[in-house]
Amino acid sequence: QGAGRAGEAPPKPTMPHSKVRSASDAITERLGLDTIEGFSLGSFFSQVFSKHDPEAIESMFTVGSPATTPALNPQMGELPNPWIFFRVLVGAVAVYLLFLMSWNQFGNVNVIPGLIMAGSFAVPFSVLILFYEINTPRNVSLVRLMELVVAGGALSLLISLVLYDKLDFLGVFGASAAGIIEEIGKLAAVLFAMRLLPMSRYPYRINALLFGAAVGTGFAAFESAGYALRIGLNDSSAMLSNITLRGAMSPFGHIVWTAIATSAYWRARHENKDFASTVQSKRFLLLFSAPVALHFIWDMPFEGPFLIKFWVLGFVAWVIVISLIQSALKEISERAGAAVVAA
């Protein structure tokens with residue numbers, strides 16, 4: 001009965017896919033975002049293991065200045081197939097393993113700073129390069145990106161510490177208070193940095209996602225380094241376990257949360273006259289509530305089997321990010337089309 005007509009292959013099960021699609025649609029609908037259309041992980045990462053010219057990496061990282069930003073064209077509105085981020089990840093992990101081998105072999109404390117920093121930055125920086133590859137207008141330079149990672153990450157930590165001190169009443173939420181304080185702190189750092197940038201060069205929604213991801217990368221890596229140092233003062237094995245766990249979870253945390261928060265402000269700002277009306281607008285608050293809630297739940301004292309809480313939260317975050325990416329690429333396509341008509 002289940003085989004269908006003679007000679008026909010049995011239908012492939014579609015339940016898991018439909019469940020994922022239903023969950024994705026529910027998330028985007030609740031937040032007022034565009035439904036994700038035609039996205040496939042297999043297609044998106046199809047170039048990761050393909051052979052590429054080594055000079056392609058150098059070419060990717062030499063764009064973004066006024067002289068090296070390409071003209072807008074319709075192809076920039078298409079979802080790219082990123083692959084450089086994986087090469088960066090492999091290289092960064094290799095550097096971390098070199099420090100780890102040195103530590104295991106010789107136990108020299110001079111290795112510890114390099115071990116902590118390499119381990120704390122390896123995965124977050126690789127995820128940032130993924131966002132960099134998705135920034136199809138190629139109008140953000142690697143220098144600008146590093147400024148946002150280092151200065152933005154440091155500033156977001158400082159603002160968050162000030163907020164922890166001034167909003168101590170939020171301690172009633174325990175560790176989950178970070179979901180409120182740190183998301184505000186990171187967004188404040190991004191907005192401050194954007195006031196210092198020549199924003200006429202960065203007019204696209206996709207740029208906002210990249211800027212947010214950059215500051216989130218700095219915050220995530222510096223925070224992980226701090227935790228590693230604190231734990232390592234008492235137990236080096238626990239320090240290494242902490243570095244590994246936080247590295248594995250980093251693609252689902254601060255980087256994507258800050259990208260979403262920055263996009264929330266960017267989208268709402270174009271519909272409001274000033275900062276005050278923007279942060280009070282329903283459009284901003286609805287989307288900004290997502291990273292706050294995700295971060296709040298992330299720090300609640302439960303995990304579930306196989307760290308399921310973090311995987312579920314990561315899925316929700318990336319559904320939002322993918323929807324925002326597709327909307328941003330539609331904007332690029334519309335702008336490129338208008339430019340062609342005007343020409």
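**Exercise 1.** Is R246 buried, partly exposed or exposed? Determine this for the predicted model, and then describe the salt bridge between E223 and R246.

*Solution.* The relative accessibility of R246 is 25%. Buried means under 20% and exposed means over 50%, with partly exposed in between, so R246 counts as partly exposed. The side chains of R246 and E223 meet in a salt bridge, with 2.9 Å from N to O. This pair links distant parts of the chain, since E223 lies in helix α8 (residues 205-232) and R246 in helix α9, 23 residues apart. E223 has a relative accessible area of 13% and is therefore buried.

**Exercise 2.** Determine how helices α4 and α5 are oriented towards each other, and characterise their contact.

*Solution.* Helix α4 (residues 84-106) packs with helix α5 (residues 112-134) at an angle of about 175°, and their axes are 8 Å apart. Angles over 145 degrees count as roughly antiparallel; α4 and α5 are therefore roughly antiparallel to each other. Among the contacting residues are F99 and W103 of α4 and F125 and I129 of α5. The contact comprises 19 nonpolar residues, three polar and one charged.

Methods: Residues are numbered from 1 along each chain as its sequence is written. This is a predicted model: local features need pLDDT of at least 70, side-chain atom pairs count only at pLDDT 80 or more; totals for chains, interfaces and linings use all residues. Side-chain values use heavy atoms; hydrogens and water are left out. Axes are lines fitted to C-alpha atoms, for helices over the stretch in contact, and angles run from 0 to 180 degrees between N-to-C directions. Helices (H or I, at least four residues) and strands (E, at least two) are DSSP runs, numbered from the N terminus. Angles under 35 degrees count as roughly parallel, over 145 as roughly antiparallel, 65 to 115 as roughly perpendicular and the rest as oblique. Contact means heavy atoms within 4.5 Å. Ala, Val, Leu, Ile, Met, Phe, Trp, Tyr, Cys and Pro count as nonpolar, Asp, Glu, Lys and Arg as charged, and the others, Gly among them, as polar. A salt bridge is a side-chain nitrogen of Lys or Arg within 4 Å of a carboxyl oxygen of Asp or Glu. Buried means under 20% relative accessible area, exposed over 50%, partly exposed in between (1.4 Å probe, protein chains only).
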